[in-house]
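Biologist: I would like to learn how to read a fold. Can you take me through one, feature by feature?

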Amino acid sequence: MKPKKCPKCKSDQVVPILYGLVKDHDTWEQSKRGELILGGVKVGPHLPTHYCKACHHKFLDKEAAKGRF
Ligand SMILES: [Zn+2]
C-alpha cells in the first residue's frame, strides 16, 4: 500500500481507519502501535478512510473506499 498524504496539511503521518469488529490480535497490536485507527462498528459510504496524526484530520480516500461495499 502506498503511503497517503493528508489533504489538509500534506503530512504523510496518515493511518488507515478500520471499521468493524476486531477479532484478530495483529490488528489490536497495530492499533496500539498507532499504525491504524479503529473506527468502531459503523457502516456508510461517507465514513472517512484515513486519519492524519499530524493535524487530526479525518478524510475519505476514494481509492481506498472503492470495494468497501
Ligand atoms: Zn493533516
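Modeller: Start with pairing. Two strands pair if DSSP finds at least two bridges between them. Keep in mind that this is a predicted model. Here 4 strands form an open sheet, with mixed pairing and the order 2-1-3-4. Strand 2 (37-40) and strand 4 (58-59) are the edge strands, since each pairs on one side only.

Biologist: Which elements does the protein have, and in what order do they run from the N terminus on?

Modeller: Count first. There are 2 helices and 4 strands. From the N terminus on, the order is β-α-β-β-β-α. The radius of gyration is 12 Å, close to the 11 Å that the globule rule gives for 69 residues, so the protein is as compact as a globular protein of that length. Its C-alpha atoms fill a box of roughly 35 × 25 × 20 Å along the principal axes.

Biologist: In which sense do strand 1 and strand 2 pair?

Modeller: Look at which way the two strands run. Strand 1 and strand 2 are parallel, with 3 bridges between them. Two of the partners can be named. L18 has L38 in strand 2 as its bridge partner. Y19 has G40 in strand 2.

Biologist: How do strand 1 and strand 3 run?

Modeller: Strand 1 (residues 14-19) and strand 3 (residues 50-52) run antiparallel, joined by 3 bridges. Find P16, and opposite it in strand 3 you will see H50. Then find V14, which stands opposite C52 in strand 3.

Biologist: How should I think about the side chains on a strand?

Modeller: In a regular strand they alternate between the two faces of the sheet.

Biologist: What unit do strand 1, helix 1 and strand 2 make?

Modeller: Follow the chain from a strand, over a helix, to the next strand. Strand 1, helix 1 (residues 25-32) and strand 2 form a right-handed β-α-β unit.

Biologist: How many residues of helix 1 are buried?

Modeller: Apply a cut-off here. A residue is buried if 20 or more other C-beta atoms lie within 10 Å of its own, and exposed if 12 or fewer do. Of the 8 residues of helix 1, the number buried is 0, so the helix lies largely in the open. For the protein, 12% of the 69 residues count as buried.

Biologist: Which residues make up the largest nonpolar core?

Modeller: General idea first. In soluble globular proteins, nonpolar side chains tend to be buried together. In this model, the largest nonpolar core has 5 residues: C6, V14, I17, Y51 and C52. Strand 1 and strand 3 are the elements that give two or more residues to this core.

Biologist: What is C6 in contact with, leaving aside neighbours within four places in sequence?

Modeller: C6 is in contact with S11, V14, C52, A54, C55 and H57. Two of these, V14 and C52, also belong to the core. Contacts can also be sorted by how far apart the partners sit in sequence. Among the contacts with a separation of 6 or more, 44% are between residues 24 or more positions apart.

Biologist: Now the backbone angles. Which residue just after helix 1 takes a positive phi?

Modeller: That is G34, with a phi of about 80°. G34 sits in the loop between helix 1 and strand 2. It is exposed, with 11 other C-beta atoms within 10 Å. Leaving out residues up to four places away in sequence, G34 touches V15 and K53. G34 and V15 are 19 residues apart along the chain, and their C-alpha atoms are separated by 7.8 Å.

Biologist: Where does K10 lie, and what is its phi?

Modeller: K10 lies in the segment before strand 1. Its phi is positive, about 65°, although K10 is not a glycine. K10 is exposed, with 10 other C-beta atoms within 10 Å.

Biologist: And where does H56 lie?

Modeller: Go to the loop between strand 3 and strand 4. H56 has a positive phi near 60°, and it is a residue other than glycine. H56 is exposed, with 10 other C-beta atoms within 10 Å.

Note on methods: Residues numbered from 1 in each chain as written. Predicted model: local features only at pLDDT ≥ 70, side-chain atom pairs only at ≥ 80, totals over all residues. Right-handed = clockwise from strand over helix to strand, strands pointing away. Core = buried A, V, L, I, M, F, W, Y, C linked by C-beta atoms within 7 Å. Contact = placed C-beta atoms within 7 Å. Rg over C-alpha atoms; globule rule 2.2 N^0.38 Å.
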